[in-house]
Amino acid sequence: MAVSIKSKSEIELMREAGRILAITHEELRKQVKPGMSTYEVDKIGEEIIRSFGCIPSFLNYNGYPASICVSINDEVVHGIPTKKRIIQDDDIVSLDAGVIYKGYHSDAARTLIMPEASEEVRQLVKVTKESFFKGIEKAVPGNRISDISRAIQEYTEAFGDGVVRDLVGHGVGSKLHEEPEVPNFVGHRKGIRLCPGMTIAVEPMINLGTYEVYWEDDDWTVVTEDNLPSAHYENTILITENGAEILSTAPGIEL
Ligand code: MF3
Ligand code: CO
């Protein structure tokens, strides 16, 4: 399957999916507090998504058992919510969520900083978010996927952080994961050239230490090899003639 170019009407549906997802993240940012279980976080997120008549993209995706991925500290992504896991005062909490609106997906992640988190992890969260914006500056027609990847990698590695290799961003649309892959590092492949109408999820996963990760026994939770913290930041974007337009956003809402 080639990379799809979305029509005007498909883009409208993705914009609405993105708007609802942005509101979901905003609400979670307000509500998630130390003392809460990751199960509660998932239930709050699911309820908001369903209140818009939407379906959580992740629920039952390849057997994933929840609506929101909640990944704390050294967990990189795909943490499974449970009643036992309680958010602590000094945690960073990565929340990844997806929304299906009329058959179209939006995918976005935010890393929340709890009140007592260290200066070091706050900086990691900031650099991870900034690297996304460095990346999408290169998301202009005629550039290649690798131009986005390079910008993210160069920015984050300058801080000594590790760029996760084992997971990548992706095309998004009528499916959660479409072509092309969007790595956050430069490999041997330059990747396709970007064209207006492409929709991709750009999602740096950045570690304070090594880029190496492993999978826990639940076969989902990805953890840093050295158990140092990791941050995640993601938006669904549209390639336009003038560059990237973020779709997972809404007026008056913090990105
Ligand atoms: N948000 C993830 C991604 O960006 C997908 C989560 S996988 C799931 O690719 F199984 F949890 F849904
Ligand atoms: Co994604």
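## Exercises on a ligand pocket and a cobalt site

The space taken by ligand 1 is the largest pocket (an open set of points on a 1 Å grid over the protein atoms alone, where a 1.4 Å probe fits, with protein on both sides within 12 Å along at least five of seven lines). The model is predicted: local features need pLDDT of at least 70, side-chain atom pairs need 80 or more, and totals for chains, interfaces and linings use all residues. Residues are numbered from 1 along each chain as its sequence is written, chains are lettered from A and ligands numbered from 1 in the order written, and side-chain values use heavy atoms, without hydrogens and water.

**Exercise 1.** Find which side chains make polar contacts with ligand 1.

*Solution.* 
- Step 1: Apply the cut-off, a pair of N or O atoms within 3.5 Å.
- Step 2: Take Asp107. A polar atom of its side chain is 3.0 Å from a ligand 1 oxygen.
- Step 3: Take His170. Its side-chain N or O atom lies 3.3 Å from an oxygen of ligand 1.
- Step 4: Take Glu234. The distance there is also to a ligand 1 oxygen, 3.3 Å.

**Exercise 2.** Identify the protein donors of the cobalt ion (ligand 2) and their spacing.

*Solution.* 
- Step 1: Search for N, O and S atoms within 2.8 Å of the metal (3.2 Å for Na, K and Ca); water is not among the atoms, so sites may look incomplete.
- Step 2: Read the sequence spacing as D-x62-H-x32-E-x30-E.
- Step 3: His170 is in strand β7 (169-171) and Glu203 in the loop between β9 (199-202) and β10 (205-207), so the two tie together parts 33 residues apart in sequence. Strands are DSSP runs of E, at least two residues, numbered from the N terminus.

**Exercise 3.** Locate the cis peptide bond from Glu179 to Pro180.

*Solution.* 
- Step 1: Check omega, which is near 0 degrees.
- Step 2: Find Pro180 in strand β8 (residues 178-182).

Methods
A polar contact is a pair of N or O atoms within 3.5 Å; within protein, one must be able to donate a hydrogen and the other to accept it, and residues adjacent in sequence count only if both atoms are side-chain atoms. On a 1 Å grid over the protein atoms alone, a cavity is a set of points where a 1.4 Å probe fits but cannot get out, and a pocket is an open set with protein on both sides within 12 Å along at least five of seven lines; lining residues have an atom within 4 Å of a point. A molecule sits in a cavity or pocket if more than half of its atoms lie within 2 Å of its grid points. Helices (H or I, at least four residues) and strands (E, at least two) are DSSP runs, numbered from the N terminus.
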